[in-house]
Amino acid sequence: MQAVRERSAVRPEELRRRVDPAMLPFRTTGEVAPLETTIGRPRAAEAIAFALEVGVRGIHLYVAGPPGTGRESTVLTAVRSFAATRPTPPGWVYVHNFTEPDRPRTFSVPAGRARRLATAMASFLEAAQREIPRAFESEDYARRREQSLSEVGTRRAALITDLRAFGQERGFAVVMTPTGIGKIPLQSGQPMSQQVFEQLSPEEKADLEQRGTQVQSEVGAFVRQMQQIEKEAQERVSALDREVALYAVGPLITELREEFSEQPDVLAFIEQIEKNLPEHLQDFLPTIEAGQAGPVTARVSVGLGTVQSIEREIEKSGPIHSKGFLTLTGYLQAQYAQRWPLSLGATITFEQSYGGIDGDSASTTELYALLSALSDLPLHQGIAVTGAVDQHGEVQAVGGVTRKIEGFFDVCRERGLTGEQGVLVPTSNVKHLMVREEVVEAVRAGRFHVWAVSHIDEGIELLTGRPAGERAGDGAFPEGTVHRRSPAWAPSSERSTSSPRSSAMRAPGMTMFRMPIFTWNIFITSLLVLIAFPVLTAALFGLAADRHLGAHVFDPANGGAILWQHLFWFFGHPEVYIVALPFFGIVSEVFPVFSRKPIFGYKTLVFATIAIAMLSGAVWAHHMYATGAVLLAFFSFTTFLIAIPTGIKFVNWIGTMWKGKLTFETPMLFSLGFLVTFLFGGLTGVLLASPAMDFMVSDRYFVVAHFHYVLFGTIVFAPYAGIYFWFPKMTGRMLDETLGKFHFWTTFVGFHLTFLVQHWLGNEGTPRRYVDYLPTDGFTTLNTISSIGAFVLGASTLPFIWNVFRSYRYGRVVTVDDPWGHGNSLEWATSCPPPRHNFTELPRIRSERPAFELH
């Protein structure tokens, strides 16, 4: 055996080959030319080269040989060398197929563009993941989404009211329960007992059953309408999501299109991305865990007991969160609806979270927010809350409490510990806590806190600093407690004194100098009415006494006709501004909207209106110059003076348009028509303020022309502007713009054709109130022109009437709050037409442009 081992042994020097460098014909490997083929395989190299030269599609090259002989490297080297002698082939791209996701699409792109497309798409996705959440976190998106859902609540409440009224008329109370809609027969307005029902005659029972069938049929129709409303709400929210998403990625899509504009296949793929991206928003919006810290808000209003979770309404709430929310509403029913039905409407949402949400650990937070809104008591904002709640108000344990405490502690530590911050947790979770030593030390030092509660009343007392309140034997809560302050616990008769908000007569933040100019003008007009009309009333009573009772109020000895003129014109000239000021207000609302600017000199415009109102009571006698019975210098001066605030208004209106982004929709055209027409009337008024001029043209057609330029400009052009402006708000449909502009031009041309020439007729001596004139007077030509204009002016009303009739029935439906895009006053912050009561809650006013700010 030993001999065999020795014979078979391999000597050490045989285990590794060595070469003597002196035997090599070169000093370094740099002197050796690289080998172009595989060593010892010349025929294989020739076969590969031949195969590459074939150039026919469908030919494949198969290489065989022992492992380690360089098959792959040989083929790759040959292919690279061959490819270097041929034109660069196009790149091939595999992209997602939105129609058949399991079958990717392929297409070719020019050489080098495939890699660039991959890079561009990676950049696009990175930017989209940044921009889309940012868009969905904007205040505008939150407001529009909440508005859509609020409108659903308003329509739902209206349907419930109608259904209950229908049942009441037929002797039934319609009640909403968690399991469905029920009907209860009534007797004298109270639920009918079984005993009373048994005592009814067969005919009465048959009649009751027939009426019950009618109510049940109406309930079925109600359910179908509610389903349609919910469907429409979902569609509106989906459309809003699509609009916001595409707006966010619009510039990114445009950039991709511009870069690959010469590659149709890439453009088609980009178009598919744009079309399908809104359907995949969940891939861009983070899913919110129930344990993640975030603000929860609640808003309440008068309603029919409906409490809505916005996340649940738009189907972004998971099943556990939905269950927790329904449990919360059960608590409200038990707490506040023992004596009478709930009469509130409420919405709750997780602010700035636009992905999905699930879990019930925020149900106590939602309930605290709702109780805060109901009681109008603020919650301590330095305390984070976690915990579930049952229908009895008991706070129940949740998962991850240790992590939540530590997470909120880290946030507070970064912002600075104040000694007021802390976390509110369920008592049943305390035995499971295992927080970091750092948190323990902060709690020990009083710089951070952890509170444990077992009932919702304990938590709300800690968060508000007010006792929750225990129900007394009569069902009421003690004064000053949280539950007592809640308007949900009492009927409206008791609630009116317990809620400070119910007595509000104006929107919060609304002050005199935040009112719309139109409202200011109506207010000042009302004051003028109180001043002017009593004078006319007294004059008419005096005239009636003279004619029917033999009195001598207007006896020549007492002033006679001159006294009557003084009384009449003391009413008559303020009356001109009583007529004009509301229409000044209309155009003051229109000009800023179509100039895309705020009103120029808001306060100046208000004070100019006040000045006009004050001076309008001191100019009446300029109508009486020709009587010789008035102080000419005084009334001429006051008449010139009243032109100053009117001129200031023109400066305001023109200043509003100056350097604005003007658009000329029909309301703007009629407002400009008012501006031109009233300007002519104002200029001739300045002429007539001069007694010398007035003496010359008194009782002539010049005065007729002046009168119509003043009044037609205000009570025709401005109201038309207002009708075209507010028609979509009142009806929900747009008036036809083509017909509207035709209406404007026929009105404008017809009016000026009618009355412009009357200035010249008056200057030539044509008296007013004359039915005819002689051909030799020389008035025929201008009167003929005026008559033609009158026919045109009359005919101009026909397109307006047709426009209103047609648009009211078939006009384009308005789907936004503000179809003009730049509305300022509050009516443009609600739907077209507005819902019942205009708003589900009073909006806060921060300037004279509240709607513009809200949008």
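**Close-up views of a predicted chain**

View 1. The whole structure holds zero disulfides, a disulfide being a pair of cysteine sulfur atoms within 2.5 Å. This is a predicted model, where local features need pLDDT of at least 70, side-chain atom pairs count only at pLDDT 80 or more, and totals for chains, interfaces and linings use all residues. Residues are numbered from 1 along each chain as its sequence is written, and side-chain values use heavy atoms, with hydrogens and water left out.

**View 2. A cis peptide bond joins Cys 832 to Pro 833.** Its omega is near -10°. Most peptide bonds are trans. Pro 833 is found in the loop between helix H26 (797-810) and helix H27 (850-854). Helices (H or I, at least four residues) and strands (E, at least two) are DSSP runs, numbered from the N terminus.

**View 3. The largest cavity has a volume of about 130 Å³.** Of the 13 residues in its lining, the closest to its centre are Ile 517, Glu 589, Ile 599, Asn 824 and Glu 848. A cavity is a set of points, on a 1 Å grid over the protein atoms alone, where a 1.4 Å probe fits but cannot get out; lining residues have an atom within 4 Å of a point. Points are joined across faces, edges and corners, and the volume is the space filled by probe spheres set on them. Helix H18 (residues 560-595) gives the most to this lining, with three residues. In all, the structure has four cavities of 30 Å³ or more.

**View 4. Arg 596 has a positive phi, near 55°.** Most residues other than glycine have a negative phi. Arg 596 lies in the loop between H18 and helix H19 (602-615). Its relative accessible area is 24%, so Arg 596 counts as partly exposed.

**View 5. Lys 659 also has a positive phi, near 60°.** Its loop runs between helix H20 (632-657) and helix H21 (666-688). Lys 659 is exposed, with a relative accessible area of 75%.

**View 6. Val 307 belongs to strand E8 (residues 306-309).** Val 307 counts as buried, at 14% relative accessibility. Leu 326 is 19 residues from Val 307 in sequence. In space, the two are 9.2 Å apart, C-alpha to C-alpha.

How values were computed. On a 1 Å grid over the protein atoms alone, a cavity is a set of points where a 1.4 Å probe fits but cannot get out, and a pocket is an open set with protein on both sides within 12 Å along at least five of seven lines; lining residues have an atom within 4 Å of a point. Buried means under 20% relative accessible area, exposed over 50%, partly exposed in between (1.4 Å probe, protein chains only).
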